[in-house]
Amino acid sequence: MLQKLRTYALPIAMIAGFLAHDFAASIAFLTPYLLFVMLLVSYCKLDIRSLSIKPMYALMLAVQFLGAWGLYFLVYLFDPIVAQGAFICLFCPTATSAPVVAAMLGGNLSLLVGYSLLCNLAVAITAPLFFSFIGVHTELAFLDSVMIICKQVLPLLLLPLLLAVLMQRYLPRLHEAVRSRPAISFYLWVVALFIVVGKSVSFVMQQPLTSLPQQILLALSALICCVAQFVIGRRIGARYGDKVSGAQGLGQKNTVLAIWMALTYLNPMASIAPASYVVWQNVINSAQLMHHGKRKK
C-alpha cells in the first residue's frame, strides 16, 4: 500500500495543486522551509568523507552551466521570457531524489550522490551572480543585487549541509534519527510540489489569453531541455561506464527549487517552464522504470 501510495503521490500532488491553486498559493511562503528540511534530510544520508570528485562531473557541470547560458542568449533573441524559462531548466541542480531513481535503474548511487552535492553547491555559489544579470533585481546596482539574492539562496542551500555536518559531529543520535528516515524528504517533496504547482497555476490563471502562445512555448522549451539533458547525460555517462547516473544527474532536476527560483528571481511567467519540466521528467522516469522492470523480469 505504501509503495503504491508513493508511486502515485507525485501525480496526485500535481493534480491537487492544479485544483486547489488558490489555497496552494496562499501557503507558498512555506516553500523555502520545506526545501531546507528536504535538503537537510538528504545531506544527513551523505558520508562526505567518502565522496570524491569524478572526471565526468566536469563535463556534466559544463553542460549544465555553459549550456544554460548558451541557450539563454540564443533564445533571448526570440523571446526573453522563454529564454529565462529555458535557462532555469538547465541551471537548476540535480534532484535530491535522483540517486534513488538511479539506483533503482542499476546506476552508481555514490557517484550520483557526489555529483548532486557538487551541483547544489555550485548553484548556491553562482546563483546570486547569474540572477543579478537576468533576474528581477537587474535595476539595482550589481553588488546590491548579488547581496539580496545571497541572503536568500545561500542560507537555503548551504546551511542544511553545514547543519548536517554539525549534527553528525556533535549530535550523532539526532543525525542517525534523521538519516534513517529518508521518507521524510519524499513526503515534504510531495507537499512542496503541491504548493509550487498551485502557485504557478494561480499565476497562469491571472494572465490574459494573449499570453497563451508564450506559455505553450515555455512548455515546449522545457520538453526540449528535458529530453536533451537525459540524452546528453546518458552519452557522458557512457564514456565512464555509467549511462544511468549520467542521464539522471543531468536530466532529473530539483523542479521544486527551480519553480521557486523562477517565481522569486525571474519573470514569474518563466516558472511555467520548470512546472512543465515536472511533467516531462516524471514521464521519462516512469517509462525508464517500467522498461527496466520488464527487462529484469
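A patch, as the word is used here, is made of residues with over 30% relative accessible area and no salt bridge, and nonpolar side chains are joined into one when they lie within 5 Å. Keep in mind throughout the tour that this is a predicted model.

With that in hand, select Phe78, Leu212, Ile216, Leu217, Leu220, Leu223, Val227 and Val231, which together form a nonpolar patch on the surface with about 670 Å² of accessible area. Within this group, centre the view on Leu212, which lies in helix 11 and counts as partly exposed because its relative accessibility is 44%.

Next, select Ser211, which sits in the loop between helix 10 (183-205) and helix 11 (212-239). Ser211 is buried, because its relative accessible area of 9% falls under the 20% cut-off. If you show side chains, you can find a polar contact of 2.9 Å between those of Ser211 and Gln215.

For the last stop, move to Gln248, whose place is in helix 12, residues 243-251. Gln248 counts as buried, since its relative accessibility is 0%. Which residues surround it, leaving aside those up to four places away in sequence? Gln248 touches Thr94, Ala98, Val101, Ala102, Leu105, Leu112, Phe230, Asn285 and Gln288. Among these neighbours, select Asn285, because the side chains of Gln248 and Asn285 make a polar contact of 3.2 Å, which is within the 3.5 Å limit for such a pair.

Notes
Residues are numbered from 1 along each chain as its sequence is written. This is a predicted model: local features need pLDDT of at least 70, side-chain atom pairs count only at pLDDT 80 or more; totals for chains, interfaces and linings use all residues. Side-chain values use heavy atoms; hydrogens and water are left out. Helices (H or I, at least four residues) and strands (E, at least two) are DSSP runs, numbered from the N terminus. Buried means under 20% relative accessible area, exposed over 50%, partly exposed in between (1.4 Å probe, protein chains only). A polar contact is a pair of N or O atoms within 3.5 Å; within protein, one must be able to donate a hydrogen and the other to accept it, and residues adjacent in sequence count only if both atoms are side-chain atoms. Patches are made of residues with over 30% relative accessible area and no salt bridge: like charges are joined within 9 Å, nonpolar side chains (Val, Leu, Ile, Met, Phe, Trp, Tyr) within 5 Å. Accessible areas come from the Shrake-Rupley method with a 1.4 Å probe; for residues, only the protein chains shown count as cover. A salt bridge is a side-chain nitrogen of Lys or Arg within 4 Å of a carboxyl oxygen of Asp or Glu. Contact means heavy atoms within 4.5 Å.
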